[in-house]
Amino acid sequence: MTPEVSPARLMGRVEALGRIGALDGGGVCRLALTDADKAGRDWLVSEMRDLGMSVFVDAIGNIWGIRPGQRAGAPVMVGSHIDSVATGGIYDGALGVLGGLEVVTALNVAGIETETPVAVAAFTNEEGARFAPDMMGSGVHQGALVLEEMLTVQATDGSGVVGEELDRIGYRGNDAPITPAAYLELHIEQGPVLEAEGVRIGAVTGVQGIHWTEFVVEGQTNHAGTTPMALRRDAGQVAMRIGLEADQIAADAGPPQVATVGVFEISPGLVNVVPERARLTVDLRNTDGAALVAATERLIGRAEAFAAEAGCVLTHRPLARFAPVEFDARLVDRVEAAARTRQLSVKRMPSGAGHDAQMFAPNCPTAMIFVPSQNGLSHNIKEHSEEADIVAGTQVLLDLVCDLAGASS
Ligand code: GLV
Ligand code: MN
Ligand code: MN
């Protein structure tokens, strides 16, 4: 029997996880390694155990459950993340993990023993909103980031350190990381393309490069009325010029270059006081790795010039540096074929957002399945995807897992 997705079961889990860390007015706040993240993890582990899976946790807190196959060996892995930004939607990341639970449930109900094992994974701190960089757990798991360094990362808001927070919530494990036979990630698109074109499934070809940089500017507080413009050391003015430069870099390059100033703080933050300190972050992304490196170099060079002109001291540090990644072309073909077999329209497309899949791509055949996002909204409590699209994407995931893991009843 061909295993089928149960819409009620799948959406029941989407709603159950969506209640953990729920915000008034919709959406969730499950920032990495907070109490809400712990509650989500506890729920997930309990679901995995109920499905008969063996559960593993590694030293950076990644969780994966394994459903055995006829043979031991590397599993076909399905995964994503259950942490969120502070103003997150209920689908970003959650869908990939809950789609994985649905795959295992459907296999169980159909009585199918796959040839190779099937794993469902949730990676620590994909978002990078509380601790930078993003994709921290999958990056460590796949050897792109150094465990010892990541364990010492401080929260951007000063609210903790990764290693201590893992201990506090009880998710610093000691299971050895694994490299799967293949890695598949189902995710909402988080952008407007599929909806605008009326396409049901995105066969993701790769992920654009991501450079995050933090700038801190030190100047001097002084009186806003008495200090002539030429004589002030205004950290706020330097920070504004850096932010505008980021915007100009994107304007000069045009698409696909994007630039975002997501954090902008000045102190002391008083109406009549020249700011003495400013901190801002710039997120630059591009599918062209060389263009992205050039954009970051231009930004840092101009920031240094702005600070020098204003008599301020500038420090900057990379928070994330990820090169663009291409997924396995043959596996992307199989995503396309699986969608067409189910009579679903499908489009090959790159991902604008970062994903755990990009950490697996260098080490094993990797691909992603996108479903449409209503109004292209994500990292927003109004993030929404239609049930029919969620079910369709999960069915494509299930069909692919059956294909890759070798399913027979
Ligand atoms: C992760 O969600 C990112 O793309 O910033
Ligand atoms: Mn995500
Ligand atoms: Mn996200």
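Q: Is Glu127 buried or exposed?

A: A residue is called buried under 20% relative accessible area, exposed over 50%, and partly exposed in between, with a 1.4 Å probe and protein chains only. Glu127 has a relative accessible area of 8%, so Glu127 is buried. This is a predicted model, in which local features need pLDDT of at least 70, side-chain atom pairs count only at pLDDT 80 or more, and totals for chains, interfaces and linings use all residues. Residues are numbered from 1 along each chain as its sequence is written, chains are lettered from A and ligands numbered from 1 in the order in which they are written, and side-chain values use heavy atoms, with hydrogens and water left out.

Q: Which residues coordinate the manganese ion (ligand 3)?

A: Donors are N, O and S atoms within 2.8 Å of the metal (3.2 Å for Na, K and Ca); water is not among the atoms, so sites may look incomplete. For the manganese ion (ligand 3), the coordinating atoms come from Asp92 (OD), Glu127 (OE), Glu127 (OE) and His379 (NE2), at 2.1 to 2.4 Å. Along the chain these donors have the spacing D-x34-E-x251-H.

Q: Where in the chain do Asp92 and Glu127 lie?

A: Helices (H or I, at least four residues) and strands (E, at least two) are DSSP runs, numbered from the N terminus. Asp92 belongs to the loop between strand S3 (76-80) and helix H3 (94-110), and Glu127 to the loop between strand S5 (118-122) and helix H4 (136-141). The pair, 35 residues apart, links distant parts of the chain. Asp92 is buried, at 6% relative accessibility.

Q: Which residues supply the protein donors of the manganese ion (ligand 2)?

A: His81 (NE2), Asp92 (OD) and His187 (NE2) do so, lying 2.0 to 2.3 Å from the manganese ion (ligand 2). Their spacing along the chain is H-x10-D-x94-H. Asp92 coordinates both the manganese ion (ligand 2) and the manganese ion (ligand 3), which are 3.6 Å apart. His81 is in the loop between S3 and H3 and His187 is in strand S6 (residues 182-188), so this pair ties together parts that are 106 residues apart in sequence. His81 is buried at a relative accessible area of 0%, and His187 counts as buried at 0% relative accessibility.

Q: What surrounds ligand 1?

A: A residue is near a molecule or strand if one of its heavy atoms lies within 4 Å of it. Ligand 1 is surrounded by Glu126, Glu127, Asp134, Trp212, Arg285, Ala353, Gly354 and His379.

Q: Where is Thr124, and what does its side chain contact?

A: Thr124 is in the loop between S5 and H4 and is buried at 1% relative accessibility. Its side chain makes a polar contact of 2.9 Å with the side chain of Arg41. A polar side-chain atom of Thr124 also lies 3.1 Å from the backbone oxygen of Gly61.

Q: Which backbone features deserve attention?

A: Most residues other than glycine have a negative phi, and most peptide bonds are trans. The peptide bond from Ala132 to Pro133 is cis, with omega near 10 degrees, and Pro133 is in the loop between S5 and H4. Leu33, a residue other than glycine, has a positive phi near 65 degrees, and Leu33 is buried at a relative accessible area of 1%. Gln343 likewise has a positive phi, near 60 degrees, but Gln343 is exposed at 71%.

Conventions: Polar contact = N/O pair within 3.5 Å; in protein donor to acceptor, adjacent residues only side chain to side chain.
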